[in-house]
Amino acid sequence: EGDMLFDKGNFIEPEEENAAGKYAEAEKINTGNQHAAGRLKQISGMLEKDLKESIEKNDFSAAKKNLSSAERYFPSSSFFKDYSNQIKVKELEIEAGKFLYTDPVQTYNICKEIRGIDPDNFYVSSVLPEIRNSMISYADKEYNKGNIRTALENYNQVKVLFGSDSYLDE
């Protein structure tokens, strides 16, 4: 029955009648069932491929659906566990990009969240200097307009977020 569903392309759907479910049942009945184990491995590989493609295309609803299926049919598979973090990081990177030039503090906070998941994230490493420079530029403009209080508040905010340096200490 699993082979028939597999041949029809019903690898993980519909949820109540699919090849992965049938092969998993067959494995429970006969733990040495090499055919079922091999087919489950094939389905797992297809799911991983689809999951990677969905993440690369920023199609997070499809990625989450694939991840949910992967977790349901392959709960002990360690390589699916990291994909949840990858999806979250990509979503946060897109969100941070929306605020980069309109709300640098919001962008900074999103970047901190990304760093909590992925400490070596390239996007965060490249955007933090932009955020800092944008905040200083805004403070400089306010200072040049004579809005000293606003400028000082913004310089202090940069110090809080990024630490002090010789430019800010002047």
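Helices here are DSSP runs of H or I with at least four residues, while strands are runs of E with at least two, and they are numbered from the N terminus. Over the chain the mean pLDDT is 90, and 100% of the residues reach 70 or more.

This is a predicted model, in which local features need a pLDDT of at least 70 and side-chain atom pairs count only at pLDDT 80 or more, whereas totals for chains, interfaces and linings use all residues. Residues are numbered from 1 along each chain as its sequence is written, and side-chain values use heavy atoms, with hydrogens and water left out.

A nonpolar core is a set of buried Ala, Val, Leu, Ile, Met, Phe, Trp, Tyr and Cys residues joined through side-chain atoms within 4.5 Å, where buried means under 20% relative accessible area, exposed means over 50%, and partly exposed lies in between (1.4 Å probe, protein chains only). The largest such core has 21 residues, of which Tyr 23, Ile 43, Leu 51, Phe 74, Phe 80 and Ile 87 touch the most other members. Helices α1 (2–8), α2 (19–29), α3 (34–56), α4 (60–73) and α5 (81–99) each supply at least two residues of this core, and the largest share, six residues, comes from α3. Apart from this core lies another, of 20 residues, among them Val 127, Ile 136, Tyr 155 and Leu 168.

In helix α2, the buried residues are Ala 19, Ala 20, Gly 21, Lys 22 and Tyr 23, and what covers them includes α1, α3 and α4. The N-terminal end of α2 is capped by Asn 18, which has a side-chain oxygen 3.2 Å from the backbone nitrogen of Ala 20.

| Residue | Residues touched |
|---|---|
| Lys 22 | Glu 1, Gly 2, Leu 5 and Glu 17 |
| Ile 43 | Phe 6, Phe 11, Ile 12, Ala 19, Ala 20, Tyr 23 and Phe 74 |
| Glu 93 | Ile 114, Asn 121 and Tyr 123 |

Lys 22 counts as buried because its relative accessible area is 19%. Glu 93, found in helix α5, is likewise buried, with a relative accessible area of 18%.

Methods. Contact means heavy atoms within 4.5 Å. pLDDT is the predictor's confidence in each residue, from 0 to 100. A polar contact is a pair of N or O atoms within 3.5 Å; within protein, one must be able to donate a hydrogen and the other to accept it, and residues adjacent in sequence count only if both atoms are side-chain atoms. Lists of a residue's contacts leave out its neighbours within four places in sequence.
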